[in-house]
Amino acid sequence: MESGNLLEGDHKRSVLGRAFDILDCFGAETPEQTIAGVCAQTGLPPATVHRMLAHLVDWGAVERASRGRYRLGRRLWRLGWGVPEVRRLRDVARPFLVDLYSATGAPVALWSRDRDHAILSDLICGHQAAGAWQPERRVPLAQGAGGLAMLAHLPLDEMVGERGQQLDDSGDFVLRQQLGDVRRHGYAVSRSSVPADGMLIAAPIFDEDGQVRAAVSVRLLPEPLNAAALARVVLEAALLTSRGLGHRGLGRRGGLHPVRRYA
């Protein structure tokens, strides 16, 4: 009887694993998928993908976008919104994001971590900026200021390189230099290969256990002459958010103050 339960448990885990593999196929760059596309990414046979997509549609995790095409369903969004840690982070960070936007006039973003990617969790910007700048909602940690700000403060065994590999003694030297600069200065900077896209400055947010939890960034266009002065304002917003999450390791900066207007 016990062995039967174990087999049943293994089967359920494999079904859940396949379901999660299918859901992972949908992202910012591929919001819609076909059965053939899901098969190519998961390696599952078409009959299995078709059957599991039908179950996911019935449950509301996936919905049909058009004939033969699927996208994530709104029920997943409702579940994600209800995660206590996600809601707490957004609730604590939002006032400081708004203050930072008021102080800089630049789009402000909140980033959280999903394994080896940075996920856009919140965005504060004016109508003009919203139309002109559409940030990617899922970016590899090593490819943007928000991700670098978090990556630099992860334990060594959790650090990932640009190809999703753990960093070791033979890891990417340039990336190691970047992470060292982030730890030394307290903030990360990334510049687009297209000058018209400007630059991002980001600072990490820590929780009550001292673990990096998120990052806050601003997008600057054109690139400012005194980026270090603006970085201090971004750092201040991150420090205030960290304190709101219960982090207490902030004394070395000599106290916290409301975000001041950047000039």
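Colleague: Which residues in α5 meet which residues in α9?

Modeller: Arg88, Val92, Ala93, Phe96, Leu100, Ala103 and Thr104 in α5 meet Leu230, Val233, Val234, Ala237, Leu240, Thr241 and Gly244 in α9; contact means heavy atoms within 4.5 Å. By class, ten nonpolar, three polar and one charged residues make up the contact of α5 with α9. Ala, Val, Leu, Ile, Met, Phe, Trp, Tyr, Cys and Pro count as nonpolar, Asp, Glu, Lys and Arg as charged, and the others, Gly among them, as polar.

Colleague: Before we go on, what should I know about the model itself?

Modeller: This is a predicted model, in which local features need pLDDT of at least 70 and side-chain atom pairs count only at pLDDT 80 or more, while totals for chains, interfaces and linings use all residues. Residues are numbered from 1 along each chain as its sequence is written, and side-chain values use heavy atoms, with hydrogens and water left out.

Colleague: Back to the helices, then. At what angle do the axes of α5 and α9 cross?

Modeller: The axes of α5 (residues 84-104) and α9 (residues 227-244) cross at roughly 155° and come within 9 Å. Axes are lines fitted to C-alpha atoms, for helices over the stretch in contact, and angles run from 0 to 180 degrees between N-to-C directions. α5 is therefore roughly antiparallel to α9, a term for angles over 145 degrees.

Colleague: How many helices and strands does the protein chain have?

Modeller: The protein chain has nine helices and nine strands. Helices (H or I, at least four residues) and strands (E, at least two) are DSSP runs, numbered from the N terminus.

Colleague: In what order do the six strands of the open sheet come?

Modeller: The order is β6-β5-β4-β9-β8-β7, with antiparallel pairing; two strands pair if DSSP finds at least two bridges between them. β6 (138-140) and β7 (188-191) are at the edges with a single partner strand each, so one side of each has no neighbour in the sheet. From one strand to the next, the twist averages 30°.

Colleague: How many bridges pair β7 with β8?

Modeller: Four bridges pair β7 with β8 (residues 199-206) in the antiparallel sense. Arg191 has Met199 in β8 as its bridge partner. α9 lies across β8 and β9 (212-220) and runs at about 30° to β8.

Colleague: What about the other strands: which one forms a hairpin with β3?

Modeller: β2 forms that hairpin, with two residues between the strands, and Gly68 in the turn has a positive phi of about 80°. β2 (residues 62-66) and β3 run antiparallel and are joined by four bridges. Val62 has Leu72 as its bridge partner, and Glu63 stands opposite Arg71. β3 (residues 69-72) also pairs with β1 (residues 32-34) in the antiparallel sense, over three bridges; there Thr34 is opposite Arg69.

Colleague: And in α2, are Gly37, Val38 and Cys39 buried or exposed?

Modeller: Gly37, Val38 and Cys39 in α2 (residues 35-42) are buried. Buried means under 20% relative accessible area, exposed over 50%, and partly exposed in between (1.4 Å probe, protein chains only). Of the 263 residues of the protein chain, 41% count as buried.

Note on methods
Angles under 35 degrees count as roughly parallel, over 145 as roughly antiparallel, 65 to 115 as roughly perpendicular and the rest as oblique.
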